[in-house]
Amino acid sequence: MNDSFSLFKKKYRVLGVMSGTSLDGVDVALVDFWLENNKWKFRVEISDTTPYDVHWQQRLAQAHHLSPKKLEELDNDYSLKLYELLSDFILANHVGQVDAVCSHGHTVLHQPQKGFTVQIGNQPLLSEMLGCTLVCDFRVQDVENGGQGAPLVPVGDYLLFSDYTAALNLGGFANLTRMDQDSLRAYDLCALNTVINRLASRENLKFDDQGFLAREGKIVQDLLNELDRIDYYQRQPPKSLGIENVDKDVWPLIMKYQEIQTKDLLATFVEHVSKIIAHEIADAQSVLVTGGGAFNTFLTQTIQKYAQCELVIPSQIIIEFKEAIVFGFLGILRLRQENNIYASVTGCPKDHCSGKIYRPALAS
């Protein structure tokens, strides 16, 4: 696949690639971006999700426990996995020429308070094998400079979805972007599908389809009280969450009640996160809702029950692929040498332009 890049173009064509903590799979979106009256516009040409099989779900779920050597092996294997997946997408859809592949990779460790974050699959080998420019590894620079390294999607929210006062992503974690304040503010709210999907797996389900199980359950008040007291909720932004927080703060509380029926645990967790989310969007007007949780009607209805603002559920493509779209856009900003991380979001001392750029040897 050939790439064609000139620093300041009016139109770009890129592949945005995203793998989230909910372990659903890898999202790929072929997106056109262009400037119109000094405002960014976009159009999704093709999009697809390749689900992880059980083997990869298990490897990625346990990655944060690996030794450095084993993590390096996983990184190599995952880079090859991404190459195979992207090659299949490119061939199947006759993609042709793009300006870049812009890939988030997959987060396996995120501990900004200790000064590190790790996303696998961000190797220059991927650029060589694909034969095109790769923009990746967006988070590390921010963490090294004292920021949270997350969330990163808010820059895309601000520049692509500014018609809304807030953007709520219901993914592996729930995170919020506020576009209606003096400065852009965004942060992770709570664990979400990382927990819901793990609970659903107790019933041999990948997820709780439309919240059917949770809707049938009853709230376990003692568990709800314990979840509500998690320390993270008392911290002020900027702040972010990783899978380590689930293992340390959330899952041990739920396992204290493991003899309780799954549907009751789900009902309790949905009640908990809905109140947390509703509190944070209480003074917003219109909230764009995306991520896999947008399809969980019981979850969105419970949030709406406690929130007075308008929850806007967009098209299926935006719900499922917004993060892939945004990482494609962040890659463009990186290539243009424009800021794609804002200090008001991550807590870094200043706005900056982050991400590594790799080009195949023949293109150098």
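## The sheet

In what order do the 6 strands of the open sheet run? In this predicted model, the order is S3-S2-S1-S4-S7-S13, and the pairing is mixed. Strand S3 (39-51) and strand S13 (356-358) sit at the edges with a single partner strand each, so one side of each has no neighbour in the sheet. On average, neighbouring strands here are turned by 20° against each other, if you ignore direction.

Let's zoom in on one pair. Strand S4 (residues 100-103) and strand S7 (residues 134-136) line up in the parallel sense, with 3 bridges between them. Look for Cys102: its bridge partner in S7 is Val135.

## Helices on the sheet

## The nonpolar cores

Where do the nonpolar residues gather? The largest nonpolar core has 50 residues. Leu170, Val195, Val250, Ile254, Ile277, Ile281 and Val287 have the most contacts inside this core. Helix H10 (residues 262-280) gives the most to this core, putting in 8 residues.

Take Val250 as an example: leaving aside neighbours within four places in sequence, Val250 is in contact with Ala191, Val195, Leu227, Ile230, Asn245 and Phe269. Apart from this core lies another one, of 36 residues, including Ala186, Ile318, Val326 and Ile341.

Key
Residues are numbered from 1 along each chain as its sequence is written. This is a predicted model: local features need pLDDT of at least 70, side-chain atom pairs count only at pLDDT 80 or more; totals for chains, interfaces and linings use all residues. Side-chain values use heavy atoms; hydrogens and water are left out. Two strands pair if DSSP finds at least two bridges between them. Helices (H or I, at least four residues) and strands (E, at least two) are DSSP runs, numbered from the N terminus. Axes are lines fitted to C-alpha atoms, for helices over the stretch in contact, and angles run from 0 to 180 degrees between N-to-C directions. A nonpolar core is a set of buried Ala, Val, Leu, Ile, Met, Phe, Trp, Tyr and Cys residues joined through side-chain atoms within 4.5 Å. Buried means under 20% relative accessible area, exposed over 50%, partly exposed in between (1.4 Å probe, protein chains only). Contact means heavy atoms within 4.5 Å.
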